[in-house]
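Dear colleague,

Please find the structure below, handed over for your reference.

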Amino acid sequence: DIFLRELVSNANDAVEKFRLTALTDEDMWNGDPLNITIKAVKNEDGKGGHIIISDTGIGMSPEELTTNLGTLAKSGTSEFLAKAEGQTSDGTASGNLIGAFGLGFYSSFLVADRVTVASIPSKSANVPEPMQYVFSSSADDASFEIYPDPRGNTLGRGTEVTLYLKPEAVEYLEEEKIIELVNKHSSFSSTFPIYLFTTRTEEVPDEEAVEKEDSFEKTSTTTDTTESPLDEDEAIVEEVTEESETKESKPPKMKSVVVEEWTQLNVQPPIWARDPKNVSDCKSPVFTDLLSMHFSGDSGSGVSFKAIVYLPGKIPEEYWQQPLASKSKDVKLMVKRTFITSDLGDHGLPKWASWVKVVIDADDLPLNVSRETLQSNRFLKQLNGIIIKRLIQLFTKIFEEDPEKFREIEGVYGSIFKLGAVEDIKNRDKLASLTRFTTTHRNETTLDQYLENKKKGQKQIFYLAEMGKKPEDLAQSVFVEKLHARGYEVLLLTEPLDEILFGNLRQWKNVPFQDVAKAGLKFGDENENAEDEKEEQKRLAEKFKPLLEWLKAEAKDLVRDVVISNRLVRSPCAIVAETGGYTANVQKMMAASNAKGNKGGILHEFAMKAKVLEINPRSPLIEGLLRRVEDLPTDEDEKDEESEEELHEVASILIDGALVRSGFEVPDSNRFFTRVDRVLRRSLGVSETAPTDETVKPAPPVDPELPSEEEQMPILPPLDEEDDGKAKVILSEEMKKHISIEMEEIGDDEYPPVKHDEL
């Protein structure tokens, strides 16, 4: 596909050279149009054809044809540019010359068996009488020939390249294919118009048929008048019938005509080439879904560029299916407005920003042989960092200057900021500073705002995570009872990325994060009245020692220890993870991602069982359970098996309830609810052994015979109307009350136009 890009680039250079030369020689140009034209001509037998690319540029003499086209990858642009820069002190007269690299003219042999180039230079003092010459060469011949054009001077000025296509390349004769290639590679490369010769069929009134009908009607009227002369005094009465009215309103006869015209392909100017101050959203509708950023810069390696970054109003659903496997596909690298590639390989945007759409237009890049092969990757490495830096600067500026706008952005990109902070170590702090969280005190806050609100002596950032839960429900968790009661603010994390982010950050502004669902909760004011607190804890530990030991034996398969809690206010007990253990939220994330982790390994088993049962010494339920445990007889002869079994059942329900209340799953849900059922029976005075009537109607006998077509249940509901064979959506009567669907046929000519690939 690159042949057309190369030839259009060469044609642009020829026109630009002519324009620059005419600046110093006013007699060269009389003001005629400067443009590039493309015309595809099919053979009459329909088995092949040729493409003609013409320009009204500077043209070439026979010597220049030999020099520029006779050597592979010879760049006449480089030579002209060197001369132009040598003639000017500031080097600003080089213009938009883009052909200083690439396969150039010889890329035409990728699709053509034979190529001819007709060219005539512009009239000047050096060439007072220019003549049109032809360069001719074939793909299988290593030689070429140059001779005077037998047609004479047909161009006036410029160059005409004719490609006689190979049989396998006839697809390039189609207008749609040419338009696709120009739109992809060259729609912005030339400041001069690029025209394509197009043909289309139109229906127009058949004037000849109308004239014949009018002539026939006049003849008939004259004949009738001659055969039936009327008295001059006799009144003429005309009866207007429905038939005559129909004839008068009869639509005119139409005929098909072929319209030939030159259509400009590069109507839209490149928006990134304009001054950002003069570009507004209303003038750039392609880039206005949510945000766009237009800037220019220098990579630091001598390559200047212009760029535009487009941020969509919605992250694609497929991106979130595997965000860390996503690859940047929407970064379009251009050189002098000519599309080069969208595959930047290892130098593409990071995965967290792979959904960003970017157009980069570099003034120059070192390429070898073809534009697909970059000689140096340094620019791409620098470009990656520049785009990410600009992107973060844009978000930060809106965050600081327009809170309402940033609230809208955070609704779309909030999870992106978190993913970026996890993946991008270099920009982790900048991205994390943009994240917002709901807390027990307010609907949204940043990490910096949280620290501004921390209590005196508080040395941790408290957070609680449970994915999929509403913040208002998470705020009622047993883990935050005392924190909330004392006025401490707790971050409520409800997204899967939240806890992963905090695990990577570990701290913010030297203040560590504290998961309140884990053991070791410290408020920060423990040193105040430390002796009194210590004495109180010692007293409670001694008082509840029998219950702690008894519960530890009851819950030995679920927890590693039972302790007095300092976090509970209303709830009787809770199960928290130890420092190296899995919280309920982590276990849910592992189950949701089907991750086996180190299942079966020692570390995984330790983390799964690293839980602690905390009891609330102020709870009446715990105090009552303590009394029952203390009343248990120690003598074997005095033991009451029924009473002990009932106590074991209460303890089991208490422990399973603590698991549920703390977000964990109970080991055996059927067993748990069976025990609850027995407790409910006792509370209602129903016998625990009273059986439930389990009588049910048995199934019919086995019948291996398959149903007939008449007996088979219909897959679709019956139609209310006769099936006309057209596509339709069938709704049930209930759905018809809530849904209305309208379908409309769209013709081939009614599809929306294809947007430029670069955009």
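**Sheet and covering helix**

Helix H14 (residues 496-505) lies across E15, strand E16 (491-493), E17 and E18, and runs at about 125° to E16. Here axes are lines fitted to C-alpha atoms, for helices over the stretch in contact, with angles from 0 to 180 degrees between N-to-C directions; contact means heavy atoms within 4.5 Å. Helices (H or I, at least four residues) and strands (E, at least two) are DSSP runs, numbered from the N terminus.

This is a predicted model, in which local features need pLDDT of at least 70 and side-chain atom pairs count only at pLDDT 80 or more, while totals for chains, interfaces and linings use all residues. Residues are numbered from 1 along each chain as its sequence is written, and side-chain values use heavy atoms, with hydrogens and water left out.

The strands under discussion belong to an open sheet of five, in the order E14-E16-E15-E18-E17, with mixed pairing. Strand E14 (438-439) and strand E17 (507-508) are at the edges with a single partner strand each, so one side of each has no neighbour in the sheet. Two strands count as paired if DSSP finds at least two bridges between them. Strand E15 (residues 461-465) pairs with strand E18 (residues 511-515) in the parallel sense, over three bridges. Tyrosine 463 has aspartate 515 in E18 as its bridge partner.

**The chain as a whole**

The protein chain contains 22 helices and 21 strands. Of its 759 residues, 40% count as buried, that is, under 20% relative accessible area, with exposed meaning over 50% and partly exposed in between (1.4 Å probe, protein chains only). Among contacts between residues at least 6 apart in sequence, 72% join residues at least 24 apart. The accessible surface comes to about 45300 Å², and 49% of this belongs to carbon and sulfur atoms; areas come from the Shrake-Rupley method with a 1.4 Å probe, and for residues only the protein chains shown count as cover.

**Salt bridges**

With a salt bridge defined as a side-chain nitrogen of Lys or Arg within 4 Å of a carboxyl oxygen of Asp or Glu, the count comes to 28. One of them joins arginine 678 and glutamate 649, whose closest N and O atoms are 2.4 Å apart. This pair links distant parts of the chain, 29 residues apart, with arginine 678 in helix H21 and glutamate 649 in helix H20 (residues 641-661). Arginine 678 is partly exposed at 26% relative accessible area, whereas glutamate 649 is buried at 5%.

Another joins glutamate 261 and arginine 200, at 2.8 Å between the closest N and O atoms. Glutamate 261 in strand E8 (residues 254-264) and arginine 200 in strand E7 (residues 194-205) are 61 residues apart. Glutamate 261 is partly exposed at 28%, and arginine 200 is partly exposed at 34%.

The side chains of arginine 5 and glutamate 6 also form a salt bridge (3.1 Å, N to O), and both residues are buried. Glu404, Arg407, Arg436 and Glu444 are linked in a salt-bridge network.

**A buried serine**

Serine 136 lies in strand E4 (residues 133-138) and is buried at 10% relative accessibility. Leaving aside neighbours within four places in sequence, serine 136 contacts Arg114, Val115, Thr116, Phe144, Glu145 and Tyr147.

With kind regards
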